[in-house]
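Here is a short briefing on a protein model. Look at the pocket first, then at the chain as a whole.

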Amino acid sequence: MRVPSDVRINPSILAADFANMQAELARIDGADFVHVDVMDNHFVPNLTFGPQMVGRIQATSPVPLDVHLMIDAPEVWAPEYAELGAASVTFHLEAATEPVALARRLRAIGARAGIAVKPATAIEGLFDVLDEFDQVLVMTVEPGFGGQSFMPETLPKLRTLAGEARRRGSAVWLQVDGGIGESTIAQAAEAGADTFVAGSAVFGALDPDAAIAGLRVTAGRHRSAR
């Protein structure tokens, strides 16, 4: 596994050509992770990948997998994705009954443990357990569909989380997902994000690796300017 930089760009395969997945994955070998959205048509009104498809992606991807579970009952399903070899498994706070216990189980298997919150979900409830997680994902769109517009009203929550992480000396990664492109990645980076999920901004580019590099430079510049 490559050593991640201070700014991580994780292209979302929701924006990829599913019929040519292996070739699409080869186009993003400059990424830090590939972001895999698992949706169950219950927690969110859409259906995407299951363990079999994620296992195939894991076997062919040139970069580690960052799996985002938008599903009910993550306690039942999340460990399976860690056991497939995903480098990072993120589940939703809104769907979990025992988030800390699940995070510990994922870490015990060998995956990074992430927790995600929807735009309307308060972040303060995670402050006392930040060290139980390797990543917090602040959704910058409503989960369930790709191609949505970035919601700037989520940035105050991200700033609050970033400030609390600094205050506690936490090494947790702060990820954003939804509507991330050249202009919005700057806003998210200034607010404290260091890990960015980008879909069409990468896969819609003529040269995805060049797009990844450009996003990384922009984010790095605005993080250093905070």
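The second largest pocket has a volume of about 150 Å³. This is a predicted model: local features need pLDDT of at least 70, side-chain atom pairs count only at pLDDT 80 or more, and totals for chains, interfaces and linings use all residues. Residues are numbered from 1 along each chain as its sequence is written, and side-chain values use heavy atoms, without hydrogens and water.

**The pocket**
- Twelve residues line the second largest pocket. Val172, Leu174, Gly192, Asp194 and Arg223 lie nearest its centre.
- Two elements, α5 (155-168) and β7 (173-177), each give two or more residues to this lining. The largest share, three residues, comes from α5.
- A pocket is an open set of points on a 1 Å grid over the protein atoms alone, where a 1.4 Å probe fits, with protein on both sides within 12 Å along at least five of seven lines; lining residues have an atom within 4 Å of a point.

**The chain**
- The protein chain has eight helices and eight strands. These are DSSP runs: helices (H or I) of at least four residues, strands (E) of at least two.
- Along its principal axes, the C-alpha trace spans about 45 × 40 × 35 Å.
- Of the 226 residues, 54% are buried (under 20% relative accessible area, 1.4 Å probe, protein chains only).
- Among contacts (heavy atoms within 4.5 Å) with a separation of 6 or more, 64% join residues 24 or more positions apart.

Note on methods: Points joined across faces, edges and corners; volume = space filled by probe spheres on them. Buried < 20%, exposed > 50% of the residue type's maximum accessible area, 1.4 Å probe, protein only.
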